[in-house]
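I open the notebook with a list of things to look up. The entries follow in the order in which I took them.

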Amino acid sequence: MSATPGGRLRLALFLGGVGLHRLAAYRLDFLLGSGAFLIRVGLQTVAVGVVFRHVPAVAGWSYHQVLFLLGCALLTRGLDHLFTDQLWELSRKLIQRGEFYRYLIRPVDPLFALLSERFFHPDGIGELAVGAFLVVWSGTALGLDPGPLQWALVPLLILAGALIHASVKLFFASLSFWTVTSMPALQTATQLSEFAGYPLDLYHASLRTLLTWVLPFAFTAYAPAVYLLHGDTGLLRWLPAVTGLSLLAALALWRRGLSRYEMTGS
Amino acid sequence: MIVAEGLTKDFRIAERRPGLVGSLATLLSREHRTVRAVDGISFALPAGSKTAYIGANGAGKSTTIKMLTGIMTPTAGRCLVDGIEPYRDRRRNARAIGVVFGQRSQLWWDLSVPDSFQILRRVYDIPDTVYARNLALYRELLDIDALGTTPVRQLSLGQRMRAEIAASLLHDPKVVFWDEPTIGLDMVLKEAVRTLVNRAHAELGTTVLLTSHDLSDIAAICDDALVVDGGRVVHQGTLHDLLRRADRRSVVFEHRGGPGPDAVVRAIGAGLPGATASVTPEGRVRVDYPADALTSRQVLGFLLDRFELADCYAPEPDLETVLRQIYRGGVPAARDGGAA
């Protein structure tokens, strides 16, 4: 049953329900996490506001356009966060403590089994909510009027962005199969992804290249935002290929890691 | 049911040098040393067998089990469990097997035991009748309800092990791999665990492969023994055959009339070179002798000649003695006609 797509979906929903149920046990942790997150996004918004109090535009971006971009970044990151947070545990301790084996002895795809332990992570819900608010609010302020094609594309753009985030995370977390822990590498990659929340035009060309073609975070917010704001499809044309290649590279490394997994200890 | 053909596993271990300077040097140069944990093991265990997997620490037991359960991929050779190569077809293999690693939990750390079982029920598509039957069994034997809704991370080792054991059998697996399944369990619970697996074996024909430091687990569960040493199989056969490999035999007897027990002990020491005699707490005399120096005929003949025996028996060599001998290195080949 769990081999069929329907069965897997039911299993995913059940595990997600279990995940939410688990929140009850960590209610304080959840409240602190959400509180800290809201303060962080609030400060980010204020900081952007302070900058724009002094200058009308930065690198050609207005206040509301920057917030729109930030909203896009939060949407894709939130969707990814909702499903792949357990990858942090993989990079941090699952290999090191010899606990990873438990995903290999169940009749479920190991990646699914791993991720399912933290489905519906609440931080992801917060990011999605705040991201949606920022996009709608700044979009209204800018008087954006998306056509039917753009409306149809929005879910796909968010999905592709989330997949890119997930791929980078999976890639760096999978390094732990070789290095036992890969937390510092994953942290560095995540910190770089923060740059995706601001206009790429602000950065030096080398950082722009890095964020576009090496760790393609530009496609998680900048490319879709530029398209939705200005109809500019220059970068967006590459989105399907970049998403596909990122996913392939990450899954290939994950598979190689699985086949060389050495369960430590007795 | 379980087949290994030239199964080999090498580990690459980064050479580390001691000290601060050493660890800096290790960071820069990557020297590796290859350690062969399992060295071309071959064996075949039939369906429905209950086998103890025996070997000293570092003999490659756990590594073999990790390959048989699909957790690790062999460096060379292959293994088959119910016709499946476990590491190539993990999901299909996983349906057929139940696993316990006593040292490493496989349960959901943040969840209670009932929640974990609900997940397993869905993951394995366990039919309602099977689930109800097994749960009733665990209630009766493992007192599983007493674990309540406490998250697994807050359970004691003994409580957690009860849940691990139950989780490994919940889906009626064809093959059970248990690596140290009774650590942290008291006598009553150990007994319950043995009953559970023996019941599964009797009713469903479950194949069992067990490692345990507790030799009474082995004696209570297993009929067969697979002994590895230095990554190689040194014995495969029944547990009984293994016991007959012991290099020491003993006879315990009671006698009527004649000299007292202490005098008997002295007489045996003088008359049977190589044998040692002692008085048991019950006032009987126990004679221990090396199987390669004396035959049971010589020993019994001597005793029958000198003393009027009232009762006499030859206890089977205990597993611990045999294993100590194996772990020290060198298992003599099985001898014929050793038992009196």
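Entry 1, a helix of chain A. I began with H6(A) and listed its buried positions: A:Pro122, A:Gly124, A:Gly126, A:Glu127, A:Val130, A:Gly131, A:Leu134, A:Val135 and A:Ser138. I note that this is a predicted model. I then checked the length of helix H6 (residues 122-141) of chain A: 20 residues at 1.5 Å a residue should span 28 Å, and the end C-alpha atoms are 29 Å apart, which agrees. After H6(A) comes A:Gly143, and I read a positive phi near 65 degrees there.

I looked up the secondary structure and found 12 helices and zero strands in chain A. Read from the N terminus, the elements of chain A run α-α-α-α-α-α-α-α-α-α-α-α. The C-alpha trace of chain A spans about 65 × 40 × 35 Å along its principal axes. For the radius of gyration I compared chain A with a compact globule: 266 residues would give a value near 18 Å, and chain A has 19 Å, which agrees. Of the 266 residues in chain A, 42% are buried. I also looked at contacts in chain A with a separation of 6 or more, and 77% of them join residues 24 or more positions apart.

In an unreviewed entry, UniProt lists residues 30-52, 58-76, 150-172, 210-229 and 235-254 of chain A under "transmembrane region". I checked two of these stretches against the model. Residues 210-229 of chain A are 65% helix and 0% strand, with end C-alpha atoms 23 Å apart. Residues 235-254 of chain A are 80% helix and 0% strand, and there the end C-alpha atoms are 28 Å apart.

How many residues of chain A are in contact with chain B? I found 24 residues of chain A in contact with 26 residues of chain B. On the chain A side, helix H1 (residues 5-23) gives the most, with five residues. By class, that side of chain A has 13 nonpolar, five polar and six charged residues.

Chain B is divided into domain 1 (2-7 + 42-242) and domain 2 (246-328). I read 40 Å between the C-alpha centres of domain 1 and domain 2 of chain B. Their contact takes nine residues from domain 1 of chain B and six residues from domain 2 of chain B. On the domain 1 side, helix H8 (215-221) and strand E8 (224-229) of chain B each supply at least two residues. H8(B) has the largest share of that side, three residues. By class, I noted eight nonpolar, no polar and one charged residues on the side of domain 1 of chain B that touches domain 2 of chain B.

B:Asp82 has a positive phi of about 55 degrees, and I located B:Asp82 in the loop between strand E4 (76-81) and helix H3 (90-96) of chain B. Is B:Asp82 buried or partly exposed? With 18 other C-beta atoms within 10 Å, B:Asp82 is partly exposed. B:Glu180 also has a positive phi, near 55 degrees, and is found in the loop between strand E6 (175-179) and helix H7 (187-204) of chain B. I counted B:Glu180 as buried because 21 other C-beta atoms lie within 10 Å.

Methods. Residues numbered from 1 in each chain as written. Chains lettered and ligands numbered in written order. Predicted model: local features only at pLDDT ≥ 70, side-chain atom pairs only at ≥ 80, totals over all residues. UniProt positions renumbered as here; feature names shortened; annotations may be inferred. Helix = DSSP H or I, 4+ residues; strand = E, 2+ residues; numbered from the N terminus. Contact = placed C-beta atoms within 7 Å. Nonpolar A, V, L, I, M, F, W, Y, C, P; charged D, E, K, R; others polar. Domains from an automatic or database assignment. Expected span 1.5 Å × (residues − 1). Buried ≥ 20, exposed ≤ 12 C-beta atoms within 10 Å, placed from the backbone. Rg over C-alpha atoms; globule rule 2.2 N^0.38 Å.
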